[in-house]
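Reader: I'm new to reading protein models. Could you walk me through this one, step by step?

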Amino acid sequence: MTIDLGYAWDTLINSWPMFWYGIKLTVAFAVVGTVFGFLIGLIIGAIRGMPADPLDSPFTKFMKKFGKALTGLYIWVFRGTPMMIQACFIYYLLRPVINWGPVTAGFVIISINTGAYMAEILRSGIQSVDPGQTEAAKSLGMTNLQTMIFVIFPQAIKNTFPAIGNQLVVNLKDSCMMNAISVTELFFQSSSIAGSKMRFVEVYLDTAIIYLVLTTAATWLLNVIERKMTNKKTVALKEMSC
């Protein structure tokens, strides 16, 4: 079978409103899922990265162990099962209870799924921070929460920014899983166009190129942000050395 590039171009132009609608929803899923997944990951990562303190009361020690066990279960489940299965299960399980639509469900599901991955990314970032900085913060009278927010989190985020940014790129591609619950994102729209025209190869070629453009643009933007962060860190170190 040959690919008719002229037909692929004509399809892209003529069906652009449908493609554009899918692109907007795909980007929205990726951005919202990454942002809220990051916030979930901060909370879960903080709980999992919380060090044991010999001075803790028995109740505090129990709560730390319980929190780590509960968050460990959450990460195990959501990293160990496909997002498409999670989408179908959660959407149809809760639909009779809260009567939500596919798009709302999609935002929630991709955020929860991303949170499981972000939690492990941020946990490793938290543990990479020198323990001496935590001790220095406590010597200044800062509480554990203040130490985590003002000392640990900023450094952990800088250390893991490439991995956090990569999750945005992953979400751009994995948002196609939401078509399982009839969300009209890019892949759903492409399937509709391909089915109506019965030209699957050309339509999916258009779709692949669109995804490639989206992920390339996201990667370029993240690289720019990372370079600026690195430059600021270099300038700050030079000022300190002076």
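Reader: How many aromatic pairs does the structure hold?
Author: Keep in mind that this is a predicted model. Two rings pair if their centres lie within 6.5 Å. On that basis, the count of aromatic pairs in the structure is 7.

Reader: Take Phe29 and Phe107: is their pair stacked, edge-to-face or tilted?
Author: Look at the angle between the planes, which is 40° for Phe29 and Phe107, with 4.6 Å centre to centre. Under 30 degrees would be stacked and over 60 would be edge-to-face.

Reader: How many residues apart are Phe29 and Phe107?
Author: Phe29 sits in helix α2, residues 16-48, while Phe107 sits in helix α5, residues 102-128. Their pair links distant parts of the chain, and the separation is 78 residues.

Reader: Which helix holds both Tyr74 and Phe78?
Author: These two form a tilted aromatic pair, 5.2 Å centre to centre with 50° between the planes. Tyr74 is buried, and Phe78 is buried too. They are 4 residues apart, about one turn of the helix, and that helix is α3.

Reader: Which residues do ring pairs link into a cluster?
Author: Here ring pairs join up into a group. The members of the cluster are Phe187, Phe200 and Tyr204.

Reader: Which residue lies over the face of Tyr7?
Author: For an Arg, the CZ atom has to be within 6 Å of the ring centre to sit over a ring. At Tyr7 the distance from the ring centre is 4.2 Å, and the residue over the face is Arg199.

Reader: Which element gives the most to the lining of the largest pocket?
Author: About 510 Å³ of space lies in that pocket, and 19 residues line it, with Gly49, Met50, Pro51, Thr134 and Met148 nearest its centre. The elements that give two or more residues to the lining are α5, α6 and α7. With 5 residues, the top contributor is α7.

Reader: How many charged residues does the lining of the largest pocket have?
Author: Sort the lining by class and you get 10 nonpolar and 5 polar residues. The charged ones in the lining number 4.

Reader: What does Ser175 touch, leaving out residues up to four places away in sequence?
Author: Ser175 is in the loop between α8 and α9. Its relative accessible area is 0%, so Ser175 is buried. Apart from those sequence neighbours, Ser175 touches Thr26, Phe29, Ile110 and Glu185.

Reader: Is Asn99 buried or exposed?
Author: Asn99 follows α4 and is in the loop between α4 and α5. Its phi is near 55°, a positive value in a residue other than glycine. The relative accessible area is 66%, so Asn99 is exposed.

Reader: And what is phi of Ser182 near?
Author: Ser182 is in the loop between α8 and α9. Its relative accessible area is 46%, so Ser182 counts as partly exposed. Phi of Ser182 is positive, near 70°.

Methods: Residues are numbered from 1 along each chain as its sequence is written. This is a predicted model: local features need pLDDT of at least 70, side-chain atom pairs count only at pLDDT 80 or more; totals for chains, interfaces and linings use all residues. Side-chain values use heavy atoms; hydrogens and water are left out. Rings of Phe, Tyr and Trp (its six-membered ring) pair if their centres lie within 6.5 Å; planes under 30 degrees apart count as stacked, over 60 as edge-to-face and the rest as tilted. Buried means under 20% relative accessible area, exposed over 50%, partly exposed in between (1.4 Å probe, protein chains only). A charge sits over a ring if NZ of Lys or CZ of Arg is within 6 Å of the ring centre and within 35 degrees of the ring normal. On a 1 Å grid over the protein atoms alone, a cavity is a set of points where a 1.4 Å probe fits but cannot get out, and a pocket is an open set with protein on both sides within 12 Å along at least five of seven lines; lining residues have an atom within 4 Å of a point. Grid points are joined across faces, edges and corners, and a volume is the space filled by probe spheres set on the points. Ala, Val, Leu, Ile, Met, Phe, Trp, Tyr, Cys and Pro count as nonpolar, Asp, Glu, Lys and Arg as charged, and the others, Gly among them, as polar. Contact means heavy atoms within 4.5 Å.
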